[in-house]
Amino acid sequence: MPPLWPYLLLLVPAVSLARDDFRTRHVAIVWLIVLGVVAFVVGWMHQGLKMTMLHTAANAILLLVFVGVMAGYQLLRHIPVKLFFKRCFGLGDIVMMLAVAPLFAPVAYVRFLLAGCLAALVWWSVKRSATIPLAGMLAVVLGGYVLYKTFGLWT
C-alpha cells in the first residue's frame with residue numbers, strides 16, 4: 001500500500017484557494033494549476049497512471065454534463081448563458097472541480113461535488129451573502145477529505 005502522506009501536499013494549494021476565495025472572491029490560477037498537478041501526482045501514486053487517466057476523463061465528462069445541465073436550466077429560465085457564467089458560476093469553480101478530478105473514482109467524485117455544494121449551501125444560509133465561494137468551499141471539503149484520508153478515517 002502506498003504511503004498516505006502525499007495527500008497532505010494537497011493542503012497547501014487548498015488552504016490558499018480557500019483563503020483567497022473567502023477574502024477576495026477570486027482564486028489564483030497558479031494555485032489551481034498547483035492543485036491539479038499535485039492531485040494528478042497523488043492519484044498516480046495511489047491508483048496508477050492508467051486508472052488516474054481513466055478517472056480524470058470520466059470525471060471531466062461528468063463535470064461537462066453537470067455544467068451543461070446547469071446552463072440548460074438557466075436557459076429555460078431565460079437567463080443568457082454568458083450572464084450565467086459571469087454572475088452565477090465562475091471559471092475558477094469549474095477549474096477547481098476539474099483540478100481534483102484525478103483523485104476520485106466517478107462515484108466518489110460526485111459525492112465530493114455534492115458535499116462541496118451542500119457545504120456551500122450551508123455557508124450561504126448562515127451568511128446570506130450575494131455570492132457563494134464555491135471553489136473555496138470545495139477546497140475546505142478537500143482539506144477535510146485529505147485529513148480523514150491521511151489519518152485512516154476514510155477508505
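**Close-up views of a predicted model**

**View 1. The largest nonpolar core.** The largest nonpolar core of this predicted model comprises 36 residues. Within this core, M96, V100, L103 and L142 have the most contacts. At least two core residues come from each of α1 (11-24), α2, α3 (49-76), α5, α6 (106-127) and α7 (134-150). Helix α7 provides the largest share, nine residues.

**View 2. Surroundings of V100.** V100 is one of the residues with the most contacts inside the largest nonpolar core. Leaving aside residues up to four places away in sequence, V100 touches L35, A39, Y109, F112 and L142. Of these partners, L142 is also listed among the residues with the most contacts inside the core.

**View 3. Packing of helix α2 against helix α5.** Helix α2 spans residues 29-47 and helix α5 spans residues 91-99. Their axes come within 8 Å and cross at roughly 15°. Angles under 35 degrees count as roughly parallel, and α2 and α5 are therefore roughly parallel to each other. The crossing of the two helices is left-handed. On the α2 side, the contact is made by L32, L35, G36 and A39; on the α5 side, by G92, V95, M96 and A99. Sorted by class, this contact contains six nonpolar residues, two polar residues and no charged residues. L35 and A39 of α2, which take part in this contact, are also touched by V100.

**View 4. R25 in the loop between α1 and α2.** R25 lies in the loop that joins α1 and α2. Although R25 is not a glycine, its phi is positive, at about 65°. Most residues other than glycine have a negative phi. The relative accessibility of R25 is 33%, so R25 counts as partly exposed.

**View 5. H78 in the loop between α3 and α4.** The loop between α3 and α4 (81-88) contains H78. H78 is not a glycine, yet it has a positive phi of about 65°. With a relative accessibility of 73%, H78 counts as exposed, because the exposed class begins over 50%.

View 6. L54 is found in helix α3. Its relative accessibility is 51%, and L54 therefore counts as exposed, the cut-off being over 50%. L54 and P106 are 52 residues apart along the chain. A distance of 9.5 Å separates the C-alpha atoms of L54 and P106.

Key: Residues numbered from 1 in each chain as written. Predicted model: local features only at pLDDT ≥ 70, side-chain atom pairs only at ≥ 80, totals over all residues. Heavy atoms only, no water. Axes fitted to C-alpha atoms, helices over the stretch in contact; angles between N-to-C directions. Helix = DSSP H or I, 4+ residues; strand = E, 2+ residues; numbered from the N terminus. Parallel < 35°, antiparallel > 145°, perpendicular 65-115°, else oblique. Left-handed = near helix turned anticlockwise from the far one by under 90°. Contact = heavy atoms within 4.5 Å. Nonpolar A, V, L, I, M, F, W, Y, C, P; charged D, E, K, R; others polar. Core = buried A, V, L, I, M, F, W, Y, C linked by side-chain atoms within 4.5 Å. Buried < 20%, exposed > 50% of the residue type's maximum accessible area, 1.4 Å probe, protein only.
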